[in-house]
Amino acid sequence: MIRSPRGPLMVGLLIIVSALASTPALRDVATLQPFPPATLHHPPGYLIGAPLFGLWDTLSLLTVSQHYAVLATLVVLYAATRLVAAGRARAAAARSALPRRLGREALFAAAALAALLAVYAATALVPRPMAAIRLASPDLVAVDFHSHTNHSHDGWSLFTAAHNRAWHEAGGFHAAYITDHYTWAGVDEALPANPARAGERTVLLSGMEVRLRDRHTNILGDRARYAFALDSTWHHLVTDSIAAAHDRGARPATMLYTIPGPLDQIVPFGPGSPAGVIGVELRDGAPRGLEQGRAEREEILALADSMDLAVVAGANHHGWGRTVAAWSVMRLTGWPRMSPGEFGSAIEDALHEERRRAVTVVERTMPYHDGSAVKLAATVPLLLWSHFRTLTLGERVSWLAWVAIWAAVRAHRGRPTPHPADL
């Protein structure tokens with residue numbers, strides 16, 4: 001029996017039709033419009049395995065509610081598939097003992113669950129090539145304001161400062177702040193390996209994640225500017241100490257409010273609040289952070305506009321996965337010739353001087369349900385359509401090549417074996 005090519009033909013048609021409605025893979029989070037100076041680059045290794053790597057990237061970019069929606073959809077599809085299979089084999093099932101049928105279904109369910117867990121585990125753990133941002137202007141720089149190493153309590157034990165740098169290099173970042181929880185140990189490992197000039201490779205910069213007014217906040221810059229203001233546990237930053245240092249003429253603190261967190265707790269930096277934040281995360285790469293960033297995007301932008309705060313992106317990366325959700329893009333003339341210290345100072349100066357205009361947050365284009373129950377239920381088809389619309393030319397060629405291989409394998413497996421008498 002020759003197998004029907006219907007599956008490969010449908011996927012191939014989707015690849016071609018979606019190209020007619022293609023949209024850039026990157027967009028400006030504030031406007032939800034394309035950001036022409038930025039493009040998404042895929043190394044050759046990524047393109048070879050584009051269908052699989054694209055699936056893993058998509059899983060990595062889901063919010064919490066979208067993960068639940070995907071899992072619910074898979075459960076419904078699995079149940080429907082098993083019911084259809086049972087209907088086709090009704091006569092045989094009637095002759096089988098009930099315990100045997102139940103045992104078989106339990107094995108099928110266990111295998112399906114194991115396959116699902118394997119996909120998620122591979123997404124988080126398997127090393128693979130990464131999609132990276134490419135910026136058209138030499139004055140543009142991609143920064144990550146929130147990342148971790150194995151010195152954070154929730155970081156992967158193998159994710160050293162060197163691995164942190166390699167991850168950011170693969171994602172197209174020019175600079176990344178190590179903001180481990182309540183410690184500069186990761187910073188101490190990272191700084192000695194920085195290049196002499198920022199343009200030579202990704203620069204890792206000093207930071208730490210602490211609690212300011214009991215809310216998670218990233219402090220940027222040399223520890224001498226903050227260590228005196230931390231309590232004995234290094235968990236909490238004392239606002240009065242920061243204010244006193246500011247009154248003595250110390251350099252202003254550079255602090256960023258992280259999400260998830262209540263937006264009504266934000267205190268902006270200003271003349272009357274030297275212990276305020278200079279910016280707020282608009283995108284955070286963790287599922288809960290992605291959820292709030294997408295659900296409350298307009299509220300965050302409105303606060304940033306009213307308080308004149310920079311909006312930034314933080315990978316909040318702890319070593320799991322190989323996907324960048326968003327980049328903070330800044331314009332810094334002459335940055336490749338700067339030393340790492342000068343580079344870090346230039347970033348902080350731009351945040352303070354330009355504030356709301358300092359950063360453009362560029363993200364991977366992804367659909368979101370915006371609170372709509374219908375869109376949430378349709379998460380899987382919306383994700384698939386969006387994924388195929390944002391494929392680059394190289395990815396489409398890879399997809400078509402794998403679809404051709406799929407069709408050829410199906411045709412070969414469906415070809416009847418000749419009888420010896422016919423040879």
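User: What makes a stretch of this chain count as a helix or a strand?
Analyst: Helices (H or I, at least four residues) and strands (E, at least two) are DSSP runs, numbered from the N terminus. The chain has 15 helices and 13 strands. This is a predicted model, where local features need pLDDT of at least 70, side-chain atom pairs count only at pLDDT 80 or more, and totals for chains, interfaces and linings use all residues. Residues are numbered from 1 along each chain as its sequence is written, and side-chain values use heavy atoms, with hydrogens and water left out.

User: What follows H12?
Analyst: Arg-355 does, and its phi is positive, near 50°.

User: Why is Ala-190 called buried?
Analyst: Buried means under 20% relative accessible area, exposed over 50%, partly exposed in between (1.4 Å probe, protein chains only). Ala-190 has a relative accessible area of 3%, so it is buried. Ala-190 belongs to helix H8.

User: Which residues does Ala-190 touch, not counting residues up to four places away in sequence?
Analyst: Contact means heavy atoms within 4.5 Å. On that basis Ala-190 touches Ala-161, Arg-165, Ile-178 and Leu-204. As for Val-17, 173 residues from Ala-190 along the chain, the two C-alpha atoms are separated by 47 Å.

User: Which residues of H12 are buried?
Analyst: Pro-340, Phe-343, Gly-344, Ala-346, Ile-347, Glu-348, Ala-350 and Leu-351 are. An α-helix has 3.6 residues a turn, so residues three or four places apart point the same way.

User: What makes Asp-188 and Arg-223 a salt bridge?
Analyst: A salt bridge is a side-chain nitrogen of Lys or Arg within 4 Å of a carboxyl oxygen of Asp or Glu. The Asp-188 and Arg-223 side chains meet at 2.4 Å, N to O. Asp-188 lies in helix H8 (residues 185–190) and Arg-223 in the loop between strand E7 (215–220) and strand E8 (236–237), so this pair ties together parts that are 35 residues apart in sequence.

User: Are Asp-188 and Arg-223 buried, exposed or partly exposed, and how do you know?
Analyst: Asp-188 has 43% relative accessibility, so it counts as partly exposed. Arg-223, with a relative accessible area of 29%, is partly exposed.

User: How do you know that Arg-211 and Asp-214 form a salt bridge?
Analyst: Their side chains meet at 3.8 Å, N to O. Arg-211 is at 24% relative accessibility, so it counts as partly exposed. Asp-214 is at 44% and also counts as partly exposed.

User: Which residue forms a salt bridge with Asp-305?
Analyst: Arg-356 does, the closest N and O atoms being 2.8 Å apart. Asp-305 lies in helix H11 (residues 297–307) and Arg-356 in the loop between H12 and strand E13 (360–364), so the pair ties together parts that are 51 residues apart in sequence. Elsewhere, salt bridges that share partners join Arg-27, Arg-283 and Glu-363 into one network.

User: How many salt bridges does the structure hold?
Analyst: It holds 13.

User: How many of the 423 residues count as buried?
Analyst: The share is 46%.
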